[in-house]
Amino acid sequence: MAEVWEGWFTVGIVFVAFGCLLWDVIQPDHVMIGAVAVMMAAGVVSVEEGLAGFANEGLLTVAVLFVVAAGISATGGLDWYMSKLLGHPRTIAGAQLRLMIPIAVVSAFLNNTPVVAVMIPIVQRWAENIHIPKEQVMIPLSFASILGGTCTLIGTSTNLVVLGMLKDWKGSDGASQTKQSMGLFDLGLFGVPVAMTGITYMLIASRALLPGGKKKGEAGAGGAGAGGGGKSEDLIVGARLQAWSAAVGKTVAGSGLRGLPGLYLVSVKREDTLIRAVGPEFVLSQGDVLYFTGMVESIGNVCAEYGLLAVTTEHDSDGEGGFDDDGSDGDENDDSHPAGRVSPEGTGRGAEEG
């Protein structure tokens, strides 16, 4: 029988680990491994129990899926296919339907987080091109990936964890020898109806609950205009990592470039390769061009604090060359980001050109 102190000791470890995760004091993998190590050192769990999770088939399957998702993210394999599937809908409901169905299908076979991270810049550019408020498609993007993950066994990591527990279950009396299993599409009996219900609800309620739903005409008119101060939200600004920057050789999370106030790191260009869905463990190198979206007017302060040199040449948001606002050829800037417009606002003309 377990000692009383073991329960309180475990509660304390859980609270400490949660606090480290909440305030981002230590990297999540270090927090989890450290908590398990302390529990084993205290004798609360045995070494066999502490290491059993690393041999779980569900965990190994998730690890393999991350490799697949990383390959899709690095090669941009979804870009061409999604641009064809999304098309040019004329209504918000049509745009949401075109977005949610393929995302739900893809998320049924890939981990949700990489799918959403890869799709964010694609959906941002698409919403701008069809003059639909981004707020009306971002939440449906996230929810569709979650709902799609419930349709198959490998759609989300929690399903695989439950599968591992099911295989080890020996009945309520602990003596059953019957082996339990679960097929790839067994969850679809419940997951598909839930996903369809969720998608239907978003189509009906999003116009009333999400920002921009009642102002489609104004948003479309603003998006079709040739300028306007409200367009700063649609901009993507690039900045090159200098040799003397303290962020060189550090991860995105360790350098402090993750979770900047008002700015979101969309992707990183390293030499001729554009890396999308940059995770917190991605290691930055000298010469990397970092692309941010959000409150681009604050990019000047970020560059000064983190040793970045802003890239200020503008190009067309559709990423297909053409001419810049000043009449120069848009292809002259080698650092142009294909998912948006690199803006000079807040960066100063003294920064690096192209």
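Select Phe-109 first: in this predicted model, Phe-109 has a relative accessible area of 36% and is partly exposed. The ring centres of Phe-109 and Phe-185 are 6.3 Å apart and the planes stand at 70°, so the pair is edge-to-face. Phe-109 belongs to the loop between helix 6 (92–107) and helix 7, and Phe-185 to the loop between helix 9 (157–168) and helix 10 (188–209); the pair therefore ties together parts that are 76 residues apart in sequence.

How many aromatic pairs does a search of the whole structure find? The search finds 2. For the pair formed by Trp-5 and Phe-9, select both residues: the geometry is edge-to-face, with 5.9 Å centre to centre and 70° between the planes. Trp-5 and Phe-9 are about one helical turn apart, because they lie 4 residues from each other in helix 1 (residues 4–22). Trp-5 is partly exposed at 42% relative accessibility, and Phe-9 is partly exposed at 28%.

Next, select helix 7, residues 112–129. Its 18 residues reach 25 Å from the first C-alpha to the last, close to the 26 Å expected at 1.5 Å a residue. Helix 7 is mostly covered, with 16 of its 18 residues buried. Centre the view on Ile-120, where helix 7 has a kink of about 35°, shortly before the proline Pro-121.

Key: Residues numbered from 1 in each chain as written. Predicted model: local features only at pLDDT ≥ 70, side-chain atom pairs only at ≥ 80, totals over all residues. Heavy atoms only, no water. Helix = DSSP H or I, 4+ residues; strand = E, 2+ residues; numbered from the N terminus. Expected span 1.5 Å × (residues − 1). Bend = angle between axes of the 7 residues up to and from the residue. Buried < 20%, exposed > 50% of the residue type's maximum accessible area, 1.4 Å probe, protein only. Phe/Tyr/Trp six-rings, centres within 6.5 Å; stacked < 30°, edge-to-face > 60°.
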